[in-house]
Amino acid sequence: MTGTLILDPLLPMIAFYGVVAIAAIALGLAIWRKLPGWWLRGLAGLALLAALANPAIQQEDREPLTDIVMLVVDESASQRISSRPAQNAAAIANIEAELARQPNTELRTVTLGDGEGDIGTALMTALSEALAEEPQARIAGIILATDGRLHDLERAPRLPAPMHTLLTGEPDDWDRRLVVSNAPAFAILGEQVSLTLRIEDQGAAPETDSVILSISIDGETPLTLPVPIGQDIDLPIELPHGGMNVLQFSIPEVEGELTNRNNSAVVQINGVRDRLRVLLVSGEPHPGERTWRNLLKSDASVDLVHFTILRPPEKQDGVPVNELSLIAFPTRELFLEKINDFDLIIFDRYRRRGILPSEYLDNIRQYVEQGGAVLISSGPEYGAAESIYRSPLGNILPGAPTARVFEEGFIPQITDIGQRHPVTEGLDALSPNADGDGPGWGRWFRLIDVLVPEEATTVMSGLDDRPLLILNRIGEGRVSLIASDQSWLWDRGYEGGGPQLELLRRLAHWMMKEPELEEEALWVEPTGQTMRVIRRTLDVDTGDVTVTHPDGTQTVLSLEEVSPGRFETLWEAPEIGLYRLDDGTETSVIALGPAAPREFEQTIASADILTPLVAGTGGGIHAISEGDINIRTVREGRPATGRGWIGITPRGAYRTADISITPILPAWAWLLLASVLIVGAWLREGRR
């Protein structure tokens with residue numbers, strides 16, 4: 001209960017000040033005239049002024065409020081290693097017990113976990129948000145339980161009370177970390193790219209000169225080599241394939257180090273071809289020849305070498321060779337010396353005329369088995385005696401001609417397995433039939449009848465479901481056969497045309513082993529920490545996918561078919577890091593954020609970052625490993641820390657429950673008092 005004198009004038013303040021001025025002038029005249037009752041006149045004036053001022057006593061009924069101590073507990077990823085979770089629990093129990101003995105004090109506990117993405121420990125952000133929810137006048141102290149590795153010091157709020165830090169960790173903690181300091185996002189296939197790595201020891205690490213570094217690409221068998229500690233290492237790498245290559249570098253975990261989460265690093269490099277080198281050999285001029293040339297020349301990444309055989313050996317018209325403007329076909333240079341320089345060889349209506357000897361064609365067969373690609377676009381000659389099939393290439397071609405050639409109109413169709421194959425998947429949706437009962441494509445008018453071996457895949461069919469487009473893998477390479485020479489009709493728009501450009505583009509890129517056109521593949525499309533797991537297969541069903549987390553735990557995911565041959569599922573990853581996926585047939589590796597998050601860049605507990613901020617409030621820093629601390633109350637402005645203790649500042653906050661206002665005297669009493677004083681002054685002066 002408190003009392004305060006307040007005034008509530010009966011007149012506006014300007015009028016009240018006018019009355020005060022008049023009373024002062026009247027008193028001054030009385031003194032100047034030396035009237036014996038001047039002091040009685042003055043007291044009477046004061047009584048009248050008091051009546052006008054209406055003085056009263058205001059009394060408040062106050063309820064004291066508790067002081068608040070903020071405890072921010074860091075439970076980010078770096079606080080979940082070694083003995084730090086137990087230290088956090090011990091610190092919380094110690095603080096709760098100490099504050100329970102403090103009168104009129106309560107504890108507010110805020111727990112900080114991992115933020116979304118790789119933002120690190122947002123300790124000051126959590127403290128700012130917690131302080132914003134509490135009255136600043138009640139904050140008596142702030143306590144942080146952390147390893148001191150925060151990443152948002154610039155967000156530190158204004159601190160209304162002493163702040164203290166209880167530091168986790170042990171004096172003999174140490175850790176080893178692998179850092180990739182330089183890695184490109186893109187690299188050209190066939191060329192080496194240099195990455196810069198460094199292995200760092202932190203804390204009380206044992207003396208070691210070198211460690212074994214393991215390098216694996218896309219989860220394959222790793223390569224190992226010794227590397228020194230504390231030195232930058234330039235490592236040359238050559239990417240094995242186009243598309244995304246996931247390179248993982250790791251060093252073995254050593255007993256005693258804090259964590260192995262920073263013992264690996266992941267680099268994702270997109271492999272791109274400098275130029276796709278294609279050799280196109282046209283056996284003779286025909287209407288579809290320009291289609292191939294336009295397709296390949298329209299792609300800026302393709303280097304095309306195109307030969308058309310205009311003058312076969314059997315053509316003898318007597319024209320002298322020195323008068324011909326034709327270029328001689330450089331068979332030896334192309335098919336013996338430089339054949340491995342090409343990514344794809346296309347034979348367009350080629351027939352055997354003695355231009356390519358059998359040993360050259362056998363060399364092409366070996367080129368395919370060692371990883372090359374050959375595409376045959378066949379016309380009537382494929383079923384004749386001069387067919388390229390009746391050569392050493394016949395051992396690898398995916399269709400044996402029966403010598404039958406059908407000259408009837410037909411609409412090419414995608415087979416059941418073609419609906420799931422990436423070369424033809426969804427092609428019919430590009431040109432749908434108006435009735436919705438099939439593709440809205442124009443007809444072709446020639447089909448070469450072939451027999452397809454069991455290991456080959458027929459993705460398109462023609463007349464009476466006979467094979468039209470056949471694909472096969474031979475050794476490390478690939479071959480394909482188009483059993484017709486009339487795909488150019490689609491390009492010319494005959495009967496509405498068809499997706500000829502897209503079909504041939506996909507076919508060429510499949511043969512050149514572009515990863516996005518692999519028929520058996522498992523990959524992930526990440527969005528933040530959400531994974532879209534995708535499995536493409538030629539089978540009608542697929543198994544579950546086992547996901548191995550960065551910490552070694554596993555999750556089994558079931559996939560659902562979203563389109564023929566394509567199975568997907570969405571999964572929210574619990575943390576950033578390196579994940580491995582395996583369905584028993586295909587494997588994949590994906591890095592969500594860095595493999596070693598920001599939390600694990602510096603793992604040794606240190607208060608260096610927080611020291612200036614804590615010292616500015618008079619607080620202190622104490623290691624939890626040194627034992628429990630005591631909590632004392634200190635006056636504001638005094639040091640709030642000492643050996644084994646920290647201080648909080650009582651704030652004395654209160655809440656006003658009730659207010660009562662009582663006048664000192666009623667108005668009539670003031671008037672009566674003034675009247676008595678005036679009469680007294682009159683009597684005094686009258687006797688004189």
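## The largest cavity

Strand β9 gives the most to the lining of the largest cavity, contributing 3 residues. Keep in mind as you look around that this is a predicted model. Two or more lining residues each come from β9 (192-203), β11 (223-228) and β12 (232-238).

## Helix α4, largely enclosed

Now turn to helix α4, residues 123-132. Here 7 of the 10 residues are buried, so the helix is largely enclosed by the rest of the structure. The buried ones are L123, M124, T125, A126, L127, A130 and L131.

What do these buried residues of α4 pack against? Their partners are the strands β3 (67-74), β4 (105-112), β5 (139-146) and β6 (163-167), together with helix α11 (611-615).

Helix α5 spans residues 289-297, and its E289, T291, W292, L295 and L296 are buried. These five cover an arc of only 165 degrees around the axis, which puts them on the same side of α5. An α-helix has 3.6 residues a turn, so residues three or four places apart point the same way.

Which residues are exposed on the other side of α5? There you will find R290 and K297.

Definitions and conventions. Residues numbered from 1 in each chain as written. Predicted model: local features only at pLDDT ≥ 70, side-chain atom pairs only at ≥ 80, totals over all residues. Heavy atoms only, no water. Buried < 20%, exposed > 50% of the residue type's maximum accessible area, 1.4 Å probe, protein only. Helix = DSSP H or I, 4+ residues; strand = E, 2+ residues; numbered from the N terminus. Arc of directions from axis to C-beta. Contact = heavy atoms within 4.5 Å.
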